[in-house]
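Look over the structure below. Then follow the report one topic at a time.

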Amino acid sequence: MRFLFIALLFVAAPGLCANDYAFPINNPFLATVVGTPEPLRAELPDKARLKIRRLSRADWEMPEAMWFSERLEYSYRMQRGPAPMIFLIAGTGGFHNTGKNLPLLKAFFQAGFHVVGITSPTHSQFVVAASTTGVPGHQKNDAEDIYRVMQQIRDDIGQQDRVTGYHMAGYSLGATNAGFVAELDSRKKVFNFDRVLMINPPVSIYSSISKLDRMLQNIPGGMDNFGLFFNNVVQAITGAYKQSSTVEFSPDLVFEAFKDNPPTTEELGALIGIAFRLASSALIFTADQRTDFGFIKPSNVHLTRNTSLGEFGQVAVRVGFTDYYHEFFWPFYEPQYPDESRDSFVRLHSLYAIEDYLKGAQNIAVFHNRDDVILAAGEIDFFPEVFGDRATIFPNGGHLGNLEYSYNMAKIVGYFK
Amino acid sequence: MMPRTVFSIALVIGLALGGCSTKPVIISGDAPEEPVFTSERLIESDVQSPFVINDPLEGFNRTMYRFNYHADRWVLMPAVRTYRFLIPQPLRTGVRNFFNNFFNIRTFFNQVLQGRPVRAMQTTGRFAVNTTLGIAGLFDVASHAGMPYHREDFGQTLGVWGFGPGAYLVLPFFGPSNIRDGAGLAVDSAFQSWLDPLNFDDHPSRQYVYYPLMILDTRDKVAFQYFRTGSPFEYELVRRLILTVREIEVAK
């Protein structure tokens with residue numbers, strides 16, 4: 001009888017324990033920027049010892065000023081014996097082996113999986129080397145690109161006799177990518193993923209990018225002070241530079257620079273907005289070069305390896321994701337979608353587009369935070385409704401702030417076990 | 001001297017190619033087509049953007065930046081990886097300690113020139129401890145004893161004397177710098193050759209150990225990798241980064 005009572009307690013625990021979840025940062029903006037405090041992080045090896053390889057060059061014309069991005073890199077590490085392989089897709093502007101990809105790859109490898117890190121389709125290297133259209137953010141196209149890249153990587157690594165199955169994980173935009181890739185795989189059946197984990201995905205990409213753009217209204221003095229605030233952020237990043245620092249302009253690494261010295265609460269939102277601006281500016285300028293669309297680079301102008309790009313950079317950081325959507329992305333795809341409108345096209349790039357699939361896909365789970373700053377009010381409810389008990393919602397953590405928390409990391413790794 | 005020859009050749013190549021224009025090339029029509037977003041529409045002219053910095057040597061600098069990428073990727077980094085693979089960590093630490101200690105000589109003279117006697121004394125003390133107890137600098141006894149470590153070069157000294165940084169300058173192999181610090185580097189090197197603390201004059205073969213190890217150690221401790229920032233504006237952003245880092249070092 002007593003045994004039964006205790007067993008019941010354990011069954012009920014996940015529901016009861018919502019209040020006992022001990023991630024200590026309750027301000028979601030602060031959590032997003034500073035992440036998990038060092039002592040509370042999962043224990044991981046110092047070095048990931050990943051191997052880095054480059055795929056062969058695609059056959060489309062590459063922009064000359066992006067000559068250094070002509071081949072897509074990926075990282076991987078194989079176990080000695082047979083094991084399942086986990087593909088991990090980076091978030092917005094993220095590279096295959098830096099930022100939040102790094103702790104996840106370490107944790108997965110430590111837990112006995114072969115690991116492969118994949119660069120986000122929004123990273124400029126992916127846009128140049130692996131995006132068929134050159135205009136990223138289109139979820140179906142991006143999923144097809146990622147899917148093709150995954151197959152190229154599988155063939156490039158070889159040693160498939162040691163791979164006993166395939167899993168996939170992604171965080172932030174990479175989680176949305178993973179959802180669309182899983183849907184594609186359910187039809188193409190190349191990998192037949194055993195398990196897929198989506199960590200903190202946006203529900204609607206458009207709604208999240210609008211929210212990120214709006215965060216810049218928190219700049220002290222408003223958007224008129226963008227230039228000054230941007231300068232201060234760059235100044236802080238350079239001030240934090242040490243010889244041992246990796247220099248990368250992705251959101252993860254911008255937050256890294258502010259981890260020990262976060263700004264005041266009002267400015268945190270603005271900082272998050274700026275961090276994503278650095279990523280969006282890279283994406284937008286690269287897409288503009290791939291397509292000669294004439295967004296910030298005049299369409300009839302060719303950029304050489306030596307062309308000074310400063311002025312384009314200055315403009316690119318002033319342009320937001322929503323500008324990209326309305327004045328580049330939609331006009332670019334419009335001719336291919338005569339039945340869609342500017343507003344209805346938004347839905348194709350949200351999880352609503354694959355909602356039916358996600359409802360039935362027992363091999364997909366989602367981890368999210370109730371206070372994630374990239375979600376609009378009420379959007380969090382999408383996950384329990386669609387995923388049912390395959391959705392785990394943590395009460396706090398902001399956008400990925402609790403990713404490296406030992407409790408979360410154990411849950412993430414445990415999902416694949 | 002071999003490294004100097006390679007350096008000069010790279011410099012000449014850069015100067016030869018550096019005349020290339022940094023302007024975009026119009027491929028059809030007479031004038032650039034107006035893009036959706038232009039700088040006139042968006043930019044406040046009263047704020048200095050980190051993207052736009054006076055860079056009169058940009059053509060040369062961009063060429064050199066690319067040269068460094070190739071040198072780094074095909075020569076330096078493979079050598080560093082071999083070094084890491086072949087030489088065990090404790091020995092590499094010994095090498096790093098040796099050079100850190102050896103550069104105390106340079107730091108000392110620069111601190112004297114900067115008129116900072118207290119720091120110069122600290123540097124002397126550290127050098128004395130590590131050279132003796134630390135066995136020619138292989139062990140960093142001084143840091144364990146809590147003695148402060150400074151690193152000063154002639155570029156910083158010129159900065160302290162009031163010289164501005166001058167134009168941004170990307171040096172072959174050494175990477176991003178500025179005119180003042182480039183000149184400072186030349187003076188530091190010339191001074192070291194003249195002082196000849198390791199007595200290369202009588203033992204020329206020592207150079208074949210000294211230079212390769214110094215280059216390997218210098219590259220080994222810098223995490224930066226060319227074209228890995230994920231930004232098409234890497235050249236511009238690294239320029240801002242390096243100029244600020246040097247400003248901070250001079251002010252320290």
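## A bent helix in chain B

At which residue does α3(B) bend? The bend comes at Asp72(B) and is about 50°. A bend here is the angle between two fitted axes, one for the seven residues ending at that residue and one for the seven starting there. Helices (H or I, at least four residues) and strands (E, at least two) are DSSP runs, numbered from the N terminus.

This is a predicted model: local features need pLDDT of at least 70, side-chain atom pairs count only at pLDDT 80 or more, and totals for chains, interfaces and linings use all residues. Residues are numbered from 1 along each chain as its sequence is written, while chains are lettered from A and ligands numbered from 1 in the order in which they are written.

Helix α3(B) covers residues 58-86, which makes 29 residues. From first C-alpha to last, α3(B) reaches 39 Å, close to the 42 Å expected at 1.5 Å a residue. The expected span is 1.5 Å times one less than the number of residues. Asp72(B), the site of the bend, is among the buried residues of α3(B), which also include Phe60(B), Met64(B) and Tyr65(B). Buried means 20 or more other C-beta atoms within 10 Å of the residue's own; exposed means 12 or fewer; partly exposed is in between, with C-beta atoms placed from the backbone.

## Another helix in chain B

Helix α6(B) runs over residues 117-132. Its 16 residues reach 22 Å, close to the expected 22 Å. Its buried residues include Ala120(B), Phe127(B) and Val129(B). What covers the buried residues of α6(B)? The cover includes α4, α5 and α7 of chain B.

Most residues other than glycine have a negative phi. Phe173(B) has a positive phi, near 65°. Phe173(B) sits in the loop between β2 and β3 of chain B. It counts as partly exposed because 19 C-beta neighbours lie inside 10 Å.

Asp196(B) also has a positive phi, about 50°, although it is not a glycine. Its loop lies between α9 and α10 of chain B. Is Asp196(B) buried or exposed? Asp196(B) is exposed, with 10 other C-beta atoms within 10 Å.

## The sheet of chain A

Eight strands of chain A form an open sheet, in the order β1-β2-β4-β3-β5-β6-β8-β9, with mixed pairing. Two strands pair if DSSP finds at least two bridges between them. The edge strands are β1 and β9 of chain A, each pairing on one side only. Within the sheet, β5(A) and β6(A) pair in the parallel sense over five bridges. Gly170(A) stands opposite Met198(A) in β6(A).

Helix α3(A) lies across β2, β3, β4 and β5 of chain A, at about 165° to β4(A). Helix α5(A) touches β1, β2, β3 and β4 of chain A, and makes about 135° with β4(A). Such angles run from 0 to 180 degrees between N-to-C directions, with axes fitted to C-alpha atoms, for helices over the stretch in contact.

## Where the chains meet

The contact takes 50 residues from chain A and 51 residues from chain B. Two residues are in contact if their C-beta atoms, placed from the backbone, lie within 7 Å. On the side of chain A, α8(A) gives the largest share, seven residues.

A strand pairing also links the chains. β7(A) and β1(B) pair in the antiparallel sense over two bridges. Val301(A) stands opposite Ile26(B) in β1(B).
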